[in-house]
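Hi everyone, thanks for making time for this.

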Amino acid sequence: MKYEIKGDSLPVVICELENGEKMITESGAMSWMSPNMKMETSSNGGVGKAFGRMVSGEKMFQNIYTAMNGTGTIAFASSFPGSIRAFEISPGNELIVQKSGFLASEAGVNLSVFFQKKIGGGLFGGEGFIMQKLSGNGIAFVEIDGSTVEYDLQPGQQIVIDTGYLAAMSTTCTIDIQKVPGIKNVLFGGEGLFNTVVTGPGKVILQTLPINNVASVIRPFIPTGN
């Protein structure tokens, strides 16, 4: 499979598949494709995995696209202004991503639910108790809200992140919460009650335009019904 990511703040990934190669995506993510791409809707692993994907923010069923009778082309566009990143997934190189971060992947990549080990980090860490885990083998494409900033954390090294800015991290990282100190900071600081704390070793990928933040900014300007 060959791919090219085009566009700036509204990107699309265009994949070129050899005959018989497959791509997996959530239903509704395909933007355009060549006529020889065959689509099959599947639970892709049974009811249990389908339910787990739903809980982690994806749709229960996935679409599997196969190039038939020669080379095929298929494109997947981002659903929100930002970035599309390609990650090579392999044993020992799995990735944890935010809810609804998965866009598409080669057929060898598995999408499953990931539960935070520390309940506090799940309830207050900005991404909820449940995230998504990408494992298996192959290239996976992930949606990022806004631009990306990456950090490679050393063992024990930490980074404190405001709610919603964590886009992805290595499975070797751990996540917890940290209460904002001082009642004045909590009441007037505008940062909420908690921050997310990620501890290395591993890679941390941050996003600069969390969709939740955008929603909170435009909400006062949306007319309400009488």
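Let's start with Asn69, which sits in the loop between E6 and E7. Helices (H or I, at least four residues) and strands (E, at least two) here are DSSP runs, numbered from the N terminus. Asn69 has a positive phi of about 55°, although it is not a glycine. With a relative accessible area of 78%, Asn69 is exposed. By that I mean over 50% relative accessible area, while buried is under 20% and partly exposed is in between, using a 1.4 Å probe and protein chains only.

Before I go on, a word on what you are looking at. This is a predicted model, in which local features need pLDDT of at least 70 and side-chain atom pairs count only at pLDDT 80 or more, while totals for chains, interfaces and linings use all residues. Residues are numbered from 1 along each chain as its sequence is written, and side-chain values use heavy atoms, with hydrogens and water left out.

Ser100 also has a positive phi, about 65°, and is not a glycine. You'll find Ser100 in the loop between strand E9 (95-97) and E10, and at 37% relative accessibility it counts as partly exposed.

One more backbone detail: the peptide bond from Gly200 to Pro201 is cis, with omega near 20°. Pro201 belongs to the loop between E18 and strand E19 (202-207).

Now to the inside. Which residues of the largest nonpolar core touch the most other members? They are Val13, Cys15, Met23, Ile74, Phe76, Leu103 and Phe141, out of 15 residues in that core. A nonpolar core here is a set of buried Ala, Val, Leu, Ile, Met, Phe, Trp, Tyr and Cys residues joined through side-chain atoms within 4.5 Å. At least two core residues come from each of strand E2 (12-17), strand E6 (62-67), strand E7 (72-77), strand E10 (102-106) and strand E13 (138-145). E2 gives the largest share, 3 residues. As a general point, nonpolar side chains in soluble globular proteins tend to be buried together.

While we're at strand E10, look at Ala104, which is part of it. Ala104 counts as buried, at 0% relative accessibility. Its C-alpha atom is separated by 9.9 Å from that of Ala77, 27 residues apart along the chain.

Next, the sheet. Six strands form an open sheet in the order E11-E12-E9-E16-E19-E14, with antiparallel pairing. Two strands pair if DSSP finds at least two bridges between them. Strand E11 (109-115) and strand E14 (148-153) stand at the edges with a single partner strand each, so one side of each has no neighbour in the sheet. E11 is joined by 7 bridges to strand E12 (residues 130-136), antiparallel, and Asn110 has Ser135 in E12 as its bridge partner.

Where do its side chains point? E15 pairs with strand E18 (residues 194-199) in the antiparallel sense over 4 bridges, and Thr196 in E18 is the bridge partner of Ile161.

Let's finish with charges. How many salt bridges does a search of the whole structure find? It finds 3, counting a side-chain nitrogen of Lys or Arg within 4 Å of a carboxyl oxygen of Asp or Glu. Glu150 forms one with Arg85, the closest N and O atoms being 2.6 Å apart. Glu150 lies in strand E14 and Arg85 in strand E8 (residues 82-89), so this pair ties together parts that are 65 residues apart in sequence. Glu150 also meets Lys203, at 3.3 Å from N to O; that pair links strand E14 to strand E19, 53 residues apart. Lys203 in turn forms a salt bridge with Asp152, with the closest N and O atoms 3.1 Å apart.

As for accessibility, Glu150 is partly exposed at 33%, Lys203 is partly exposed at 27%, and Asp152 counts as exposed at 53%. Through shared partners, the salt bridges join Arg85, Glu150, Asp152 and Lys203 into one network.
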